Every structure is written in C-alpha cells, then in structure tokens.
Amino acid sequence: MVTDSDDHIIRVRGLVTRFGAHTVHDGLDLDVRRGEIIGIVGGSGTGKSVLLRAIVGLLQPQAGKIEVFGESVRDTGVDAYRDLRRRWGVMFQDGALFSSLTVRQNVEAPMREQLDLPDALRETLAGIKVRMVGLPEDAMDKFPSELSGGMRKRAGFARAIALDPAIVFLDEPTAGLDPVGAAAFDTLIKQLQAALGLTVFFVTHDLDSLNAICDRIAVLADRKVLAVGTMDDMMKVDHPWVREYFHGPRARAALASAGKTS
Ligand SMILES: Nc1ncnc2c1ncn2[C@@H]1O[C@H](COP(=O)(O)OP(=O)(O)OP(=O)(O)O)[C@@H](O)[C@H]1O
C-alpha cells in the first residue's frame with residue numbers, strides 16, 4: 001500500500017530515445033512511487049520495453065534524466081551503477097534463463113556475480129527463492145527446457161528477486177500463459193510485493209492484470225506518458241488508443257469479471 005505519494009523511487013524527466021531517425025520517446029516524464037505496482041501499457045512499439053531498458057541503464061537515451069533511489073542512472077560511475085543494479089531485479093520478456101543451467105543455478109547466477117558467499121549458503125538462499133515463487137522442490141535441479149512456460153516464468157521471477165531487490169521490473173511476465181496461469185502469476189506478484197515491500201514496474205498488455213494487481217497505470221502513447229492514474233482515471237482519458245483499450249470488448253470483459261462496470 002502506498003502511503004506517501006511524494007516518495008518517488010523512480011523519476012524520469014524529459015526522456016528522449018531514438019534509434020536512427022526513429023524517435024521512440026520525446027520528452028517522456030514518469031514518477032514511480034515506492035511500494036506501488038505500476039502497470040505500463042501502450043500499443044505495440046510505443047516503447048515500453050525501451051523505457052524499462054533505459055531506466056535500468058541497459059540503453060543510453062539521447063537526453064533526459066533518470067533517477068532511481070534518488071541517484072542518476074545515466075551519469076553514475078561503474079561502481080555506483082553496480083551498487084544500484086544490486087537493488088533492483090529484472091525479468092525480461094522471455095524469462096531469459098540460461099538454458100545450460102538448472103533453475104537453482106539460474107537463481108544463483110546474480111548472487112555469484114554480485115555477492116561473495118560460501119557455496120552452501122548461496123545454494124540455500126537460491127532454494128528459498130525458488131520455493132518463494134511456488135515452484136515444487138523437484139524443479140530446483142531441472143533445466144529450463146524441462147519446465148512448463150508458467151514454471152519458467154516463476155524461475156525467472158525467482159532470479160529477479162535473488163538479491164532481495166527493492167524494485168522488480170517485469171516485462172510482460174504473463175505473455176504466453178493461459179488465463180488461469182496468468183491469474184496465478186498475478187497473485188504471486190501481488191503476494192511477493194506485499195510480503196517483501198517491493199515496488200513493481202510491470203509492463204503488460206493484460207487488462208486482467210491491470211485490474212487485479214496494479215495500483216496505478218501509465219499509458220505510453222505519442223512518444224510520451226500520456227496519462228497516469230487508477231483504472232477509474234483511465235476510463236476518463238479522451239484519446240483514441242486509450243478509449244479503444246479501456247472501453248473495447250476485452251476491457252468490458254475484464255471489468256465485468258473483476259466486478260466493475262465499463
Ligand atoms: N535495439 C534497437 N534498435 C532499433 N530499434 C529498436 C531497438 N529496440 C527497440 N527498437 C524500436 O523501438 C520501438 C519501441 O520498442 P519496444 O520494444 O520498447 O516496444 P514495446 O512498447 O515494448 O512493444 P511491444 O508491446 O510490442 O513489446 C520499436 O519500434 C522497436 O522496433
């Protein structure tokens with residue numbers, strides 16, 4: 001639950017990102033509050049993943065300020081960036097697990113890279129993370145190819161929380177899951193967010209997820225964050241894409257199943 005609306009854990013100002021002549025963001029602003037789940041939505045190609053990558057420092061924007069935990073991600077030195085990176089976890093769109101490593105080894109990977117722990121302790125901690133995401137004991141020593149899509153996503157989530165981050169970035173974590181699997185994953189996100197006090201930056205196309213777990217929604221359109229607010233706020237935004245998305249047939253079905261009306 002967000003208690004202090006001025007407590008921004010991520011602050012983006014005037015972001016400009018370009019690939020050649022293609023401008024993806026042009027003066028984009030966004031604030032993310034500590035402890036919230038913010039859903040990032042927008043049409044295909046509006047730059048949701050690019051925004052995520054810029055915030056975590058994997059992509060150099062052309063202009064703008066990006067602060068996480070009050071520190072500039074763009075201008076920081078190598079050591080300071082490594083310290084910052086330790087305080088967030090990222091789950092990329094495809095889960096991005098190492099196929100030649102078991103689930104436990106995948107979760108251990110960030111610990112190996114960032115922490116100097118004895119092997120036994122690292123293995124125990126990785127085991128705890130794997131259990132936290134609801135994977136069965138016997139999944140621990142399996143390779144990603146031996147898991148279902150939903151289990152792979154959970155393993156990706158376990159790796160994202162390996163270093164006890166304050167922020168988790170999730171890029172379409174429920175894409176490709178059936179509705180039951182997607183709803184179960186939403187529940188997992190919500191439970192871990194509440195239990196660990198996480199801030200969750202949640203890129204999604206899934207209206208059910210927005211309804212079920214997001215405190216606020218940010219809509220990307222026209223190279224900017226067009227609107228930020230609750231689901232109710234989104235229903236009032238007068239923009240063609242937003243109207244189509246939040247008032248279209250899929251939205252009505254999602255709202256009806258959540259007991260709200262369109
Ligand atoms: N490395 C890159 N080089 C060139 N263009 C890129 C690169 N990464 C992204 N883009 C372009 O930037 C735009 C935004 O991409 P992005 O992946 O952020 O979209 P998105 O909103 O996440 O879309 P989707 O919902 O389809 O995943 C797209 O037009 C994409 O082709």
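Author: Start with a cut-off. The model is a predicted one.

Asp164 shows the cut-off at work. It has 12 C-beta neighbours inside 10 Å, so it counts as exposed. Asp164 sits in the loop between helix 5 and strand 7 (167-171). Its phi is near 50°, a positive value in a residue other than glycine.

Which residues of helix 4 are buried? They are Ala126, Lys129 and Val130. Viewed down the helix axis, these buried residues fall within an arc of 100°, so they line one face of helix 4. An α-helix has 3.6 residues a turn, so residues three or four places apart point the same way. The other side of helix 4 holds exposed residues: Ala120, Leu121, Thr124 and Ile128.

What covers the buried residues of helix 4? The cover includes helix 3 (103-114) and helix 5 (149-160). Just after helix 4 comes Gly134, with a positive phi of about 80°.

Take helix 3 next. Its buried residues are Val103, Arg104, Asn106, Val107, Glu108 and Pro110. They pack against helix 4 and helix 5.

How do helix 3 and helix 5 lie to each other? Their axes come within 8 Å and cross at roughly 30°. Angles under 35 degrees count as roughly parallel. Helix 3 and helix 5 are therefore roughly parallel to each other. Their crossing is right-handed. At the meeting place, helix 3 brings Val103, Asn106, Val107, Ala109 and Pro110. Helix 5 brings Ala155, Ala158 and Arg159.

Asp186 is in helix 6 (residues 179-196). Is Asp186 buried or exposed? With 24 C-beta neighbours inside 10 Å, it counts as buried. Leaving out residues up to four places away in sequence, Asp186 touches Thr174, Ser209, Ala212 and Ile213. Ser209 is 23 residues from Asp186 along the chain, yet their C-alpha atoms are separated by 6.2 Å.

Gln193 also belongs to helix 6. It has 19 other C-beta atoms within 10 Å, so Gln193 is partly exposed. Leaving out residues up to four places away in sequence, Gln193 touches Ile37, Leu198 and Val200. Leu147 is 46 residues from Gln193 in sequence, and the two are 24 Å apart in space, C-alpha to C-alpha.

Last, a loop residue. Arg223 is found between strand 9 (216-221) and strand 10 (224-229). Its phi is positive, about 70°, although Arg223 is not a glycine. With 17 other C-beta atoms within 10 Å, Arg223 is partly exposed.

One face carries Ala126, Lys129 and Val130, which are buried. Helix 3 and helix 5 are among the parts that cover them.

Terms used. Residues are numbered from 1 along each chain as its sequence is written. This is a predicted model: local features need pLDDT of at least 70, side-chain atom pairs count only at pLDDT 80 or more; totals for chains, interfaces and linings use all residues. A residue is buried if 20 or more other C-beta atoms lie within 10 Å of its own, exposed if 12 or fewer, and partly exposed in between; C-beta atoms are placed from the backbone. Helices (H or I, at least four residues) and strands (E, at least two) are DSSP runs, numbered from the N terminus. The arc is that of the directions from the helix axis to the C-beta atoms. Two residues are in contact if their C-beta atoms, placed from the backbone, lie within 7 Å. Axes are lines fitted to C-alpha atoms, for helices over the stretch in contact, and angles run from 0 to 180 degrees between N-to-C directions. Angles under 35 degrees count as roughly parallel, over 145 as roughly antiparallel, 65 to 115 as roughly perpendicular and the rest as oblique. A crossing is left-handed if the near helix is turned anticlockwise from the far one by less than a right angle, and right-handed if clockwise.
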